Amino acid sequence: MGAVHVSIYTDPACPYSWAAEPAIRRLMVEFGDTLSITYVMGGLARQFKHPEATLGHWLDAAAVSGMPADPRLWLEAPPRSSYPACLAVKAAAEQGLDAAYLRRAREGFAYERRSLDNADGLIGLARTVPGLDVERFRVDLDSNAIVEAFGRDLDEARTVAPELRGEHPRVSFPSGRFTGPDGAEHWAYDTFDPEAWAAAARAAGAEPSDARPSVLEALRRFGMMAAPEVAAVCGLPGPTAPAELWSLAARWQVQVERLPCGEVFKAAG
């Protein structure tokens, strides 16, 4: 059976796409090479006109998902637009590192208080992505080809079926279109629920694995993780994931960074 292709419609500054990171990381672990993932930058905001309202969205997303956040960015140095970060993801895609850059951009908006609306900020973030050639990224970021690639993403996000657009002129974020080998499409639409994303993958024909990593194995694979991500990736229900993370932290095997809303964890050493 061939791989199932999933197009993930998103934006680096979308708080509910940050809330969907447990679902996306679960897909990577549960379905592995039976899924082929493409990230479509749908463009959240050409201009953020009401930063205080956006701050509220980040708080709401953190409250319902458990994903950590430090929304003071939207009071202190609110980004002018999410479009520069979208362009940066497309520039990183030229090196096959769009997923890695997108994750770092999400972390930048979610809790590192990075505005990411200018070249200096985007290039600075690029230096934190392992394996990324920063000088090549700098050139690509300023190229017409990247503008055109982002334009194609915008068009794709705006030409989905009208019933998938909600109140927006584009598909709602986060959404995933799963296309099976037979060409049939299955959607995880406007949701951050890991079960909904996994169900869409199975419906499209992706082959799940029952194997789950330990908490330390997950941290070593993904780097920085939040408790809901560990729960989704490792299959740990209820309070089990936080309990295991804090137990490992008490044994100095895991480092913890506290945030105004939640914590993030990484393997020590």
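A: Start with overall size. This is a predicted model. With 269 residues, a compact globule would have a radius of gyration near 18 Å, and the protein chain has 18 Å, which agrees. Its C-alpha atoms fill a box of roughly 50 × 50 × 35 Å along the principal axes. The chain holds 13 helices and 6 strands.

Now go inside. Buried residues make up 51% of the 269 residues. In soluble globular proteins, nonpolar side chains tend to be buried together. Here, the largest nonpolar core has 57 residues. Those with the most contacts inside this core are L27, L35, Y101, L132, F137, F178 and W197. Helix α5, residues 83–93, gives the core its largest share, 7 residues.

Pick one of those residues, L132. Leave out residues up to four places away in sequence, and L132 touches A92, Q95, L97, Y101, A126 and F137. Two of these names, Y101 and F137, are also on the list of residues with the most contacts inside the core.

Contacts across the chain tell a related story. Take the pairs in contact that are at least 6 apart in sequence: 68% of these contacts join residues at least 24 apart.

The accessible surface of the chain comes to about 12,000 Å². Carbon and sulfur atoms account for 51% of that surface. The chain also carries 27 positive and 36 negative charges.

Finally, look at some backbone details. Most residues other than glycine have a negative phi, and most peptide bonds are trans.

The peptide bond between F173 and P174 is cis, with omega about -10°. P174 sits in the loop between α9 (144–158) and β3 (175–179).

R113 is not a glycine, yet its phi is positive, about 60°. Find R113 in the loop between α6 (98–110) and α7 (119–126). R113 is partly exposed, because its relative accessible area is 31%, which falls between the 20% and 50% cut-offs.

W252 also has a positive phi, near 65°, and is a residue other than glycine. Its place is the loop between α13 (240–250) and β5 (254–258). W252 has a relative accessible area of 74%, so it counts as exposed, the cut-off being over 50%.

Definitions and conventions. Residues numbered from 1 in each chain as written. Predicted model: local features only at pLDDT ≥ 70, side-chain atom pairs only at ≥ 80, totals over all residues. Heavy atoms only, no water. Core = buried A, V, L, I, M, F, W, Y, C linked by side-chain atoms within 4.5 Å. Buried < 20%, exposed > 50% of the residue type's maximum accessible area, 1.4 Å probe, protein only. Helix = DSSP H or I, 4+ residues; strand = E, 2+ residues; numbered from the N terminus. Contact = heavy atoms within 4.5 Å. Rg over C-alpha atoms; globule rule 2.2 N^0.38 Å. Areas by Shrake-Rupley, 256 points an atom, 1.4 Å probe, with all protein chains shown as cover. Lys, Arg positive; Asp, Glu negative; His and termini not counted. Charge placed at Lys NZ, Arg CZ, Asp CG, Glu CD.
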